[in-house]
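Subject: Structure handover

Hello,

Here is the structure I said I would pass on. Please look it over; my notes on what was found follow below.

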Amino acid sequence: MAEITLDKVSKKFPDGAVAVSDVDLEIADGEFVILVGPSGCGKSTTLNMIAGLEDITSGELRIGGTRVNERAPKDRDIAMVFQSYALYPHLSVRENMAFPLRLAKVDKATVEAKVKEAAEVLDLTQHLDRKPGNLSGGQRQRVAMGRAIVRSPKAFLMDEPLSNLDAKLRVQMRTSVARLQRQLGTTMVYVTHDQTEAMTLGDRVVVMRGGMVQQVGAPQFLYDNPANLFVAGFIGSPAMNFVPATVEDNTLRSPLGDVPMSDRIRRALEAADAPREVIMGVRPEHFEDAALVDESNLPTGGKFTGQVEVLESMGSDKFAYFTVSGERATSADLDELAADAGGADLPGGAGQQLVTRLSAASAAREGSNAEVWFDADKISIFDPAGGRNLTYRD
Amino acid sequence: MADTTNKKFGWGLVNALVVVYALFPVLWIVSLSLKGPETLSDGNFIPREFNTDNYQLILDPDNFGLFLRPLINSIGIALISTAIAVVLGTMAAYAIARLSFPGKGLLVGISLLIAMFPQVSLVSPLFEIERSIGLFDTWPGLILPYITFALPLAIYTLSAFFREIPWELEKAAKMDGATPTQAFAKVIAPLAAPGVFTTAILVFIFCWNDFLFAISLTSTEASRTVPAALSFFTGASQFEDPTGSVCAAAVIITIPIVLFVLFFQRRIVAGLTAGAVKG
């Protein structure tokens, strides 16, 4: 067990492409840290550098206080679980799990005991003599985990370990990964592109984009206080809605109507020296059917009336989709997010989609008009130029 | 139901035809090898009486130089060539499949070029070269060209096998604490074994069957291999037809190939890498 420190770690490939630039990260002993971001953001490269599978171009990597840049993976004492599991097909489950211990020349009795213990933790005892080829996806995944935990390494590295599982099993394994980490108390670095995994698993989440760390923080903090447009759009599902807005005295003029500025927003904008043209972000869950909102609250929010194009009833709540006419909010961050979600060329027509989450009691119906209300104090305002969150609270 | 039965019957028929077509000449040779000179051309597929004179003649230790010595040459030369070609080919193929190094394309291109080069056109220059450096009519004189022409085959077959092995297995081995040598020996080599055996069989058959180099680069029984020696069979006397003894020799030299394939077949287990990674 040990802390892992990345000190201005960069990775530049021989062809000149920079995969990771100047990543500073302190991972405490026993902490569960998630690296998340769209594909190509450098999260896997970062993990591979910690593992020792990729060279570090510049910067320093310390594990337990010792510089390990030049050490081979086997001398770093860390275990890794691969996306593909990478089980040895010619060895049985028992031999797979014993492999790291055998290499470390641990005596037979200890190997046997440790494998048995790990198999019990992972519920693999009855499969020990089978070959990986005869196991189901979930079982293979557990064997891969077992191979990592048997030798009690200083840290676990996980490279999208759940992405090959089907949706139901993924949710189940997610819980067991979290439980396992708590049980073992070992430092864990976990890479994923799935923001749900990022939100639910980690103590802290590191959002990466284009080889750079965008924001580091607890999941809830990132959700409440995204540092920029990219983080705001990446964290949260369904994603935050973005519309262009103009600051005018005490109001924000936007395609969602005029929104009164709360004290917090006004002060934040003044302090940040905000431009007149901004991007306003509203999370779907901050909307509510206007008919269900208490009269006294109505003036402190924005109101938008439109035709409900699609209504998805989840039982516990309803998702209503609208099209907002007028310009779309444009910025490099948003384009990248759209490209990552594969939505860059969705037939959106002239307007822009607005997703709202309304309570189950809402009377909104598909095809008819509905009025939705959102809390003006909960919006975020971004600078279109750099994507910076102007309403960021430290 | 009837449909599947019909289908099975149809496929069975086609398979039987192919097997008969392929085995008929072999059986004919076996039949001829068991006939005496007087019944050789009687047209009976199954010999009236079984005559082992042909086998006795070629396996007679008194006629050591006729067949037994070439047989030893064949076995020795083919095994040595196969061993060297497979070891070199494994290393080259691993490098081609796993590493990127300058000149990789060139290496692959050259080996492809060698494989495509018509061997007939090289026989005369090889003959001259080997005579002047003293390799003519020696074992190395045949082993060297065999390795040259077997290597491209070995590299191609093996690199295809190496590409099949997920690279992540090697990374996993490294993470589990293996040195590069351990990773190769404990993870990659066992998985590549079917490929290595397949390649060994192909290379062995290539060396074993070669006639062109064997006839051109040898002159005495010191290095003459069986395919070349067969062409020197004369029969018991100069005027006797050697067909029977040629057939007997042909039957005998088929046996090692069959044994070789049967022995290694068990190791060529398709889909050995199944279960390593999802997919």
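In this predicted model, 25 residues of chain A are in contact with 22 residues of chain B. On the chain B side, helices α7 (167-175) and α8 (180-209) each supply at least two of the residues that touch chain A. The most comes from α7(B), which gives six residues. Sorted by class, the side of chain B that touches chain A holds twelve nonpolar residues, five polar and five charged.

The other item is a helix in chain A. Helix α3 of chain A covers residues 108-121, 14 residues in total.

Which residues of α3(A) are buried? They are V111(A), K114(A), V115(A), A118(A) and A119(A). Seen down the axis of α3(A), these buried residues fall within an arc of 135 degrees, so they line one face of the helix. The background is that an α-helix has 3.6 residues a turn, so residues three or four places apart point the same way.

Parts of chain A that cover the buried residues of α3(A) include α2 (93-103) and α4 (137-149). The face of α3(A) turned away from the buried side carries the exposed residues A109(A), T110(A), A113(A) and E120(A).

After α3(A) comes D123(A), which has a positive phi, near 60 degrees.

Regards

Key
Residues numbered from 1 in each chain as written. Chains lettered and ligands numbered in written order. Predicted model: local features only at pLDDT ≥ 70, side-chain atom pairs only at ≥ 80, totals over all residues. Helix = DSSP H or I, 4+ residues; strand = E, 2+ residues; numbered from the N terminus. Expected span 1.5 Å × (residues − 1). Buried ≥ 20, exposed ≤ 12 C-beta atoms within 10 Å, placed from the backbone. Arc of directions from axis to C-beta. Contact = placed C-beta atoms within 7 Å. Nonpolar A, V, L, I, M, F, W, Y, C, P; charged D, E, K, R; others polar.
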